[in-house]
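Me: I am new to this model and would like to learn how to read it feature by feature. Could you take me through it slowly, giving the general idea before each case?

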Amino acid sequence: MCGIVCLFDTKQKTETTAAMVKHSNDSSMAVVLIDMTAHFLSSSMKIVAQAPFERAKIILQTQESNPNIPEDKQYNGSLDALIRVGKEEGLVAPFRGCLASVIRQIPANYITSTLNQIFRDFVRRNAWYNPKSDYWKWFAVTVISGGMSLSIGQLCVAPIDYSRT
């Protein structure tokens, strides 16, 4: 956590750098849990902010097959769907289904963060490159480990996605 807080300290740059290095090398369970919680909170805020637009998209995609929406009252576009849903069903209506998306984020973030750290630590232990001098190798390892962890995380979370729709 000190790595995040110390970024804003402009007076003591040497202490800030030392604290950030200490944070990045510290692999205690508390630091891992703080990082995963920060990932979860940031993605949850993104999902809540995105929820009205997601709901409008789903309404627009399913309005033709929905018998509750007659042809003369169908939505004309995203903005029309957002405004009419808010007026007709209340201000909370655009956020329906948001909880399932937020719950889905818990295992997705924990799996992805953990696997990404495992893959990167594996490569660091085997010392295939020097991260300070071989930038492109470091970049490739970062991209590959991120892609592998996201892929495995999505495979684990896909059943929750199907239950949501």
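Me: What share of the 165 residues in the protein chain do buried residues make up?

Reply: A residue is called buried when its relative accessible area is under 20%, exposed when it is over 50%, and partly exposed in between, using a 1.4 Å probe and protein chains only. By that reading, buried residues make up 27% of the 165 residues in the protein chain. Please keep in mind that this is a predicted model, in which local features need pLDDT of at least 70 and side-chain atom pairs count only at pLDDT 80 or more, while totals for chains, interfaces and linings use all residues. Residues are numbered from 1 along each chain as its sequence is written, and side-chain values use heavy atoms, with hydrogens and water left out.

Me: How many helices and how many strands does the protein chain have?

Reply: Helices (H or I, at least four residues) and strands (E, at least two residues) are DSSP runs, numbered from the N terminus. Here the protein chain has six helices and zero strands, and reading along the sequence gives the pattern α-α-α-α-α-α.

Me: Where does helix α3 bend?

Reply: The bend at a residue is the angle between two fitted axes, one for the seven residues ending there and one for the seven starting there. Helix α3, which covers residues 29-62, bends by about 45° at Ala51, and the proline Pro52 follows within four residues. Both Ala51 and Pro52 are among the buried residues of α3, a list that also includes Phe40, Ile47 and Ile59.

Me: Which residues does Leu60 contact, leaving aside its neighbours within four places in sequence?

Reply: Contact means heavy atoms within 4.5 Å. With those neighbours set aside, Leu60 is in contact with Tyr75, Gly77, Ser78 and Ala81. Leu60 belongs to helix α3, and it counts as partly exposed because its relative accessible area is 25%. Distance in space can also be read from C-alpha to C-alpha: Leu60 and Gln74 are 14 residues apart in sequence and 8.5 Å apart in space. Two further residues of helix α3 can be read in this way, namely Lys46 and Glu54. The C-alpha atoms of Lys46 and Val102, 56 residues apart along the chain, are separated by 9.5 Å, while those of Glu54 and Ser78, 24 residues apart in sequence, lie 9.8 Å apart. For the chain as a whole, among contacts between residues at least 6 apart in sequence, 59% join residues at least 24 apart.

Me: How many salt bridges does a search of the whole structure find?

Reply: Side chains of opposite charge can pair when their charged atoms come close. A salt bridge is counted when a side-chain nitrogen of Lys or Arg is within 4 Å of a carboxyl oxygen of Asp or Glu. The search of the whole structure finds five. One of them joins Lys57 and Glu54, with the closest N and O atoms 3.1 Å apart; both residues lie in helix α3, three residues apart, which is about one turn of the helix. Lys57 counts as partly exposed because its relative accessible area is 38%, and Glu54 is partly exposed too, because its value is 22%.

Me: Which residues form a nonpolar patch on the surface?

Reply: Patches are made of residues with over 30% relative accessible area and no salt bridge; like charges are joined within 9 Å, and nonpolar side chains (Val, Leu, Ile, Met, Phe, Trp, Tyr) within 5 Å. Tyr135, Trp136, Phe139 and Val143 form such a nonpolar patch, with about 470 Å² of accessible area together, an area that comes from the Shrake-Rupley method with a 1.4 Å probe, where for residues only the protein chains shown count as cover. Val143 is found in helix α6 (residues 135-164), and it counts as partly exposed because its relative accessible area is 47%.
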